[in-house]
Amino acid sequence: MSVNQQAHTGPPYGQPQPGYQGYQQPAYGGQPLPGVPQSQYGAYNGPMPGYQQPVPPQGYFPSLGFPSKGSPVSLNSDTSSLAPNFIGSLRAPPTSGAPPPASGASLPSGHLPYSQFGHGDVQNGIPASTAPMQRPPASQPFLPGSAPTPVSQTSTFQQYGHPPASVQQLSNHMAGMTIGSTTASAPPPAGLGYGPPTSVPPVSGSFSATGSGLYTPYTASQGPPPTSVSQGLPLAQPPYPGQPISTQRLPTQVPGFAPPPSSAGIGPSSYPPTTGAPRPPTMPGPPLPGQTVAGPPVSQPNHVSSPPPPSTMSGPHPGPPMSGLHGPPPPPTHPPQPGYQMQQNGSFGQVRGPQPNYGGAYPGTPNYGSQPGPPPPPKRLDPDSIPSPIQVIEDDRSNRGSEPFVTGVRGQVPPLVTTNFLVKDQGNASPRYIRCTSYNIPCTSDMAKQSQVPLAAVIKPLATLPPEETLPYLVDHGESGPVRCNRCKAYMCPFMQFIEGGRRFQCCFCSCVTEVPPHYFQHLDHTGKRVDFYDRPELSLGSYEFLATVDYCKNNKFPSPPAFIFMIDVSYNAMKSGLVRLICEELKSLLDYLPREGNMEESAIRVGFVTYNKVLHFYNVKSSLAQPQMMVVSDVADMFVPLLDGFLVNVNESRTVIASLLDQIPEMFADTRETETVFAPVIQAGLEALKAAECAGKLFIFHTSLPVAEAPGKLKNRDDKKLINTDKEKTLFQPQTSFYNNLAKDCVAQGCCVDLFLFPNQYLDVATLGVVTYQTGGSIYKYAYFQLETDQDRFLNDLRRDVQKEVGFDAVMRVRTSTGIRATDFFGAFYMSNTTDVEMAGLDCDKTITVEFKHDDKLSEDSGALLQCALLYTSCAGQRRLRIHNLSLNCCTQLADLYRNCETDTLINYLAKYAYRGVLSSPVKTVRDALINQCAQILACYRKNCASPSSAGQLILPECMKLLPVYLNCVLKSDVLQPGPEVTTDDRAYIRQLVTSMDVAETNVFFYPRLLPLTKADVDSDSLPAAIRNSEERLSKGDIYLLENGLNIFVWVGVNVQQGLIQNLFGVSSFSQISNALSTLPVLENPFSKKVRSIVDMLQVQRSRYMKLIIVKQEDKLEMLFKHFLVEDKSLSGGASYVDFLCHMHKEIRQLLS
Ligand SMILES: [Zn+2]
C-alpha cells in the first residue's frame, strides 16, 4: 500500500473482551440507597454480574458555601456517610499476580501440580505431541523447586497439528464466478490451483451431478491441509451447505454470464469446512460435550459509541429524505455509483432492476421470519451465491467450537473469533493474546511482496481469559531475574535449545549461545530435554510471567503502588445535566472496587480528587481531617499541586472524609455560572501529583466542552465539514496543536495514563483532546448530548468497568523475532521514543497492539519463525513484572501455503488500522484506493499462482479469504473513510482512535454487525437466534431484529409486527405507540420480553463497553441511522453494496492479471 504512514499514532482504546471474567464483580446491585434518588441506581444491573452496594444510606448535606480561594477551607462533613467495612470478600479470582507464597510453599491442595505433561519424547521446544494439559485452576505463583509430581498423560491430541487427510480436505473448489465475462464460453478446467500438484487430485472436467467433492488427499507430510482451495463464486448458485446439489450445479446459464465452472464438485459432503479451510479437522479426543466457554463468547468485543440521541435525530436530519421509506418503498434501483463506473458495463448485471421477489425494500408480506430465499431473477448477481459471513461463522462454530484449541503445534490457525472455544497452552500463546494475519509466512521477502499479504500480529498482552483457562503463571527466579539470551536479550522460552549437557543454551531468536546460570542448571534427559521441562512454565508454555528484579525498575527503585485521580469538570454544563452529582454518588461506592491483586484484602491504589472549570480545586482528604479541605489554583499557566500530604489517600483510611467531599461537591458548584473550561492544566495537575508521589497512575477526567478558557492547551473550534473529500480532510484528524503531544510524552515518562469521559453537546475536538489519552494507553468514552435519564446506565457501566479492570502501569513492550523477520511497524494506543519499544503509561486488558513484520533475510521452512512479545509493567499492587508471550509460525516456499493459513478477520483488523492511520497524512480517497488495490493484488496473486487456470470471467477467491471483499467493503464504508452526512467530525476522530486499539473480535463485529431476528428466538432456550446477513432484503416487516456492533444495539421493529408481540416487548398496544426514545426495554413479565432482555444483557456482557440501545421503527426517521449498519447494502453515503463491490474487486483483479 502506498499510503503514507505517519510515524506513530496511537488511538486509544477499546478492546472487546471475551468475558468479564477478570474480576468477579461484587454485587452492586440490589439495594436502593436510601437518600439517593432511586432512579440513579435503579439500573445497576448492567452487564456486571452483581455489584453489591454495601453502602449504608447516605444523603446529601447542605453545602457549606463556596470556599474562598487560596486557603484551605473546611467543608461540610458527613461522618455517617460511608460504612467502614466496604471491602468485603468481594474480590475474586486471584490474578496471576498473586504474591508468591513464602519460599518453598507448595501448591495448595486441591490444585493440580504444575507438571501435567507426560514426560514424553519431546525435545525442548514445543512438544510435538499435545497432551491435554490441566493446570491448576487459578494462577499460582510458580516456584521453581516446588516441582510437583508430574502427572503423566496420554497424548490425546497428537494429531492436532497435521490433520489427517479427511473430511476437511475436501476442497470446495467452487465454480468460478463469472461476472460479465464475454469469454466465458469455455468452462474452465476445474481444479485446485494451489500447492504442490501432488496434493491435487485430477480434476474432472465435468460436472458431477451427485456433487461428489473434490478430494485433496493430504498427508501429514504435506503440511497443513489445503484448506484454501480456491473458492469460486458461482454467479447464481448458492453454494452453501444444505442446498441441494442440484441447485448448485444447475448450469443455469444466465445470459451474459459464463456457465458455472464445471470443475469443483461441491457436494454437500465436500462442503464442511467452508470456512474451516486451514483449520485442522476435528480433533480426536473427547469432544467436551456441552462445553461451555463460560462467559460471553470469547470473541466479541465491544465498544460504545454514541450516535446522537434520538431526540436530536428527529430534528433537522441531513441525508436523503426519509419520505422514500414510507409507503411501498421504491424498488432498489441502485443507480451506478460514482467511483464505480466500471460497473456500468452492462454485462455486470449488478444494476438491479425491480426484483420480482423482493417486492420492494422489504420482503413483501409479513411472512414471519422466513428469510427470503426466492430464486434469483435473471441478470442479477444473487446475494445468496456470494460468500456469506454468516455461513462462514456458522461453519467455523460447528467445525471448531467443540474442541479445545491446543497450542502445541507450530503454525496452527486458530478458530475464528466468533467461535467459542477453549484454549490449552502447550507452548504457544493463546489466540486470545496473539492473532496473526497468516500462520505460514513466506520464506522470502520477494514472495511476501508478490502476495501483498501483510504479515502482522494483533497482540493483547493482558487479555482477560475465560474462567476455564489458566492465567499465566508467575515465575520468580529470585535476585538474578529471568534467564535471557546474552545477545538479543530474549527471555527463556520453550524454543531455546539446551546443549552441552544443559550447561548452555542456544537462542532460538539470534542463535547466540549463552551459559546457563548455575542456579538454573538442570540435566538433560536422553532426548536432550531438560528434566524439569514440564515443571517450568517458561520451558513448556506459550505465556507466563516473570517477577522483575530491581534492574527492571525506573531509577533502580521498586515502584510504589499506583494512584487513581478523579478529575471532574464542574462547569455549568456538567452541573446542569446532573452529571457531577451522578459521578460523585457513583464514586462513593465504586471506590471500594479498585483493582486489587490476587488475594489482597484491599486495593493498594491510592485516590485523589480534583474539580475544575477555569480554575482547579484540589482536595485534601487526609484521614485525620474532620472535613475535606479545598485548595484552589487559579494560575493555570504554571500548574502545580498545592498540597502533597493528604491529596492521595487510601480509601479505607480516609473513607469518611472522602464521602463527605463527594457529598459536597455537587452542592458547592450547584449555582455555578462558569461555562468555560481548561483541559491541559487538568492533565498537568494530575501528572504533577503523580510525580510528587513518585508513582504511576491513572487520571479519570470527566469533561464536557471545548477548552476555550485562557490556559495552556486552549483550543478553538476548527470544525469544518466542508473539508471532507478535500486534501485538507486529514487536518480534521490531526490535533490542532502540538502542545498535547508534548504533554503526552511527559505523561508516558511518569506512567500517567489518562482516561477520558466526554459529554459534549457540540464539537469539542476529540482529535486534539484525545492525544494524551491515546498516547498514554488510556481510553476515551463519549456520550454526546448526555441526558441523565437515558445515558446514565451506559456511562455508569462504562465507568465501573473502566475503574475495575485489570491494568498494568508504566509498561514497555518489545517484540522479538527470529532471524529473518523483524517488527517494523506498530499500531495502537501508545508512545514510541525509539523504533522498537512500545511505551504505555497504562495498558489494560482490552487494549491491543498490532505489530507488522517485514523480512530482513530468508526464512527456512524447517525452523519456521518465532515471535516473543515481552511486556514489562507494574501491577496494580506495585509489583514489577514481565509478561511473556511466544508464538511459532510456519514458513513456506509455496504461495498456496500462505493463502491456506491466513486469517481474514485479523487481516481486516490490520488493514483497518493501517487505513485509519493513513487518513492522518493522506487524502481519504487515496487511502481507500490503496486499500482496494492492495486487496486486489492479494487476490490476483492467488488467482495467478494458486488457483487452477480458468476463465478470466471467474472470480476465484482463496477459501480463507473469501470474506475479504465483503469485510473490506465494510471498512471502506465506515464513518472514518466514507462519512455519511450525520456523522460528526468528533465521531470520526473518536472511531478512528477506538479502532486503532481494537482486537480482532471487536473489529469483526464493528465492521460487520451482528443482526439477530428476535422474533425467531426460542424463548425456552439460552441460545441466540441464528444471525442473518446485514441487508435490508433479509428483514421482514413482520419481525423484530436486533443489531449490535459493539457500540450500539438497535432494536428494529417492522411495521407489520403482530400486536401481541409489540405488547409483550414494549407494553404498548400498537406500533405507533412504541416510543423510540426508550433507552432500555421495559421489564415485562412474559417469556418474549424476558428472552429479548436476556439477549441484550448477554451481548452487553460480552463487550468491553456498554452499548447504547436504540429503538428503531420501520419507516421512522431513525431508520436511516439503522440502515447505515446494513453493510451489505448500498449506503446513503455512497458506499457500494456487497454485490457491487465484489464486481468491482473482480474487475480490479482482472486488470491486474491482464
Ligand atoms: Zn538471542
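Modeller: Start with a term: buried means under 20% relative accessible area, exposed over 50%, partly exposed in between (1.4 Å probe, protein chains only). This is a predicted model, where local features need pLDDT of at least 70, side-chain atom pairs count only at pLDDT 80 or more, and totals for chains, interfaces and linings use all residues. Residues are numbered from 1 along each chain as its sequence is written, and side-chain values use heavy atoms, without hydrogens and water.

Colleague: What makes strand β32 largely enclosed by the rest of the structure?

Modeller: Six of the six residues of β32 (residues 1108–1113) are buried, so the strand is largely enclosed. Strands are DSSP runs of E, at least two residues, numbered from the N terminus. Lys1108, Ile1110 and Val1112 point one way, and Leu1109, Ile1111 and Lys1113 the other.

Colleague: How do you know that β31 and β32 pair?

Modeller: Strands pair if DSSP finds at least two bridges between them. Six bridges join β31 (residues 1048–1053) to β32, and the two run parallel. Val1051 stands opposite Ile1111.

Colleague: Why is Cys485 called buried?

Modeller: Its relative accessibility is 1%. The cut-off is under 20%, so Cys485 counts as buried.

Colleague: Which residues are the protein donors of the zinc ion?

Modeller: Cys485, Cys488, Cys507 and Cys510, each through SG, at 2.2 to 2.3 Å. Donors are N, O and S atoms within 2.8 Å of the metal (3.2 Å for Na, K and Ca).

Colleague: Why is the zinc arrangement called tetrahedral?

Modeller: Four donors count as tetrahedral if all angles lie between 85 and 135 degrees. Here the angles are 100 to 116°, so the arrangement is tetrahedral.

Key: Four donors count as tetrahedral if all angles lie between 85 and 135 degrees; four count as square planar and six as octahedral if opposite donors are over 155 degrees apart and all others between 65 and 115; anything else is irregular. Helices (H or I, at least four residues) and strands (E, at least two) are DSSP runs, numbered from the N terminus.
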